[in-house]
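Subject: Structure handover

Hello,

Here is the structure I promised to pass on. Please open it first, then read my notes below with the model beside you.

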Amino acid sequence: MVNKYAATAAIAETYQPEPVSTQDMTMEEYKEYISDRLSRIPMHPSQMQNSVAIHISEAGFEAMKNDPEYEEWVIGGLEKDFASHDPWSGICGGHYVVHCFSATKEEYRGQSWYPAYQNGKGESLFNQKAKGSFWERRLKRQEMEMQRVQRLSALQLQMMQGQPAALSQLILGGIAGSDINI
């Protein structure tokens with residue numbers, strides 16, 4: 001019999017990020033590095049309806065940065081969770097998962113429940129627990145990036161149409177210098 005989920009499980013095992021020295025990173029750079037790693041973790045098809053929140057405390061980031069084994073425990077645990085087949089998700093309309101990491105393995109807390117939990121209040125409970133999570137912050141960053149790209153595109157169009165005000169707006173701060181990536 002062919003295991004139709006073996007390919008998905010193998011994705012997490014075959015994806016290996018390039019070796020990176022985190023010791024020379026600032027904490028903000030390290031958080032971006034972890035954010036990128038989390039964004040690349042594949043999700044098993046049976047979990048596509050799930051809502052997942054990941055919280056990593058400042059102490060958790062510090063511990064991960066200083067202890068590569070702890071970092072791999074966190075990332076590896078999420079990879080295993082995301083790669084797992086969940087036959088009940090499809091039947092129940094997905095489920096809600098909250099992962100909370102702090103400075104030690106012993107402080108880790110994970111919760112999951114289905115939409116019908118507490119007489120159908122599963123979603124509102126998740127929304128409360130997901131505030132400030134990795135995915136929520138990632139979505140806000142993506143929305144800001146889209147707005148920046150739209151502003152830049154509009155200015156480029158104006159410049160192509162021969163509107164010199166667009167060039168001066170770009171030069172004089174219509175878009176912050178950090179908004180322009182060349």
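The protein exposes about 11,700 Å². Carbon and sulfur atoms supply 55% of that area. Please keep in mind that this is a predicted model. As for burial, 32% of the 182 residues count as buried.

Now the overall layout. There are 9 helices and 3 strands. Along the sequence they follow the pattern α-α-β-α-α-α-β-β-α-α-α-α. Take the contacts in the protein with a separation of 6 or more: 65% of them are between residues 24 or more positions apart.

The sheet

The 3 strands form an open sheet with the order β1-β2-β3. The pairing is mixed. β1 covers residues 51–56 and β3 covers 109–113; both stand at the edges. Each has a single partner strand, so one side of each is left without a neighbour in the sheet. From one strand to the next, the twist averages 5°.

Start with the parallel pair. β1 and β2 are joined in that sense over 6 bridges. V52 stands opposite V97 in β2, and I56 stands opposite F101 in β2.

Then the antiparallel pair. β2, residues 96–101, meets β3 in that sense over 5 bridges. Here C100 is opposite R109 in β3. V97 has a bridge partner in β3 as well, namely S112.

How covered are these strands? β1 is mostly covered, with 5 of its 6 residues buried. β2 is also mostly covered, again with 5 of 6 residues buried.

The helices around it

Helix α4 spans residues 68–83. α4 lies across β1 and β2 and runs at about 175° to β2.

Next, look at α2 (residues 27–39) and α3 (residues 58–66). These two helices pack at an angle of about 85°, with their axes 11 Å apart. That makes α2 roughly perpendicular to α3, because angles of 65 to 115 degrees count as such. On the α2 side, the residues that meet α3 are M27, Y30, K31 and I34. On the α3 side, they are E58, F61, E62, M64 and K65.

Which residues of α3 are buried? They are G60, F61, A63, M64 and K65. The cover over these buried residues includes α2, β1 and α4.

Is S102 buried or exposed? The relative accessibility is 17%, so S102 counts as buried, the cut-off being under 20%. The S102 side chain makes a polar contact with the side chain of S57, at 3.2 Å. Beyond its neighbours within four places in sequence, S102 is in contact with S57, A59, G60, Y70 and E107. One of these, G60, is among the buried residues of α3.

The side chains of D81 and H99 are joined by a polar contact of 3.1 Å. Setting aside neighbours within four places in sequence, D81 touches Q47, V97 and H99. V97 is the residue that V52 stands opposite in β2.

What about H44? The C-alpha atoms of D81 and H44 are separated by 9.0 Å. Along the chain, D81 and H44 are 37 residues apart.

A viewing order

- Turn to α4, which lies across β1 and β2.
- Find the polar contact between D81 and H99.
- Finish where α2 and α3 pack, at about 85°.

Best wishes

Notes
Residues are numbered from 1 along each chain as its sequence is written. This is a predicted model: local features need pLDDT of at least 70, side-chain atom pairs count only at pLDDT 80 or more; totals for chains, interfaces and linings use all residues. Side-chain values use heavy atoms; hydrogens and water are left out. Two strands pair if DSSP finds at least two bridges between them. Helices (H or I, at least four residues) and strands (E, at least two) are DSSP runs, numbered from the N terminus. Axes are lines fitted to C-alpha atoms, for helices over the stretch in contact, and angles run from 0 to 180 degrees between N-to-C directions. Contact means heavy atoms within 4.5 Å. Buried means under 20% relative accessible area, exposed over 50%, partly exposed in between (1.4 Å probe, protein chains only). A polar contact is a pair of N or O atoms within 3.5 Å; within protein, one must be able to donate a hydrogen and the other to accept it, and residues adjacent in sequence count only if both atoms are side-chain atoms. Accessible areas come from the Shrake-Rupley method with a 1.4 Å probe; for residues, only the protein chains shown count as cover. Angles under 35 degrees count as roughly parallel, over 145 as roughly antiparallel, 65 to 115 as roughly perpendicular and the rest as oblique.
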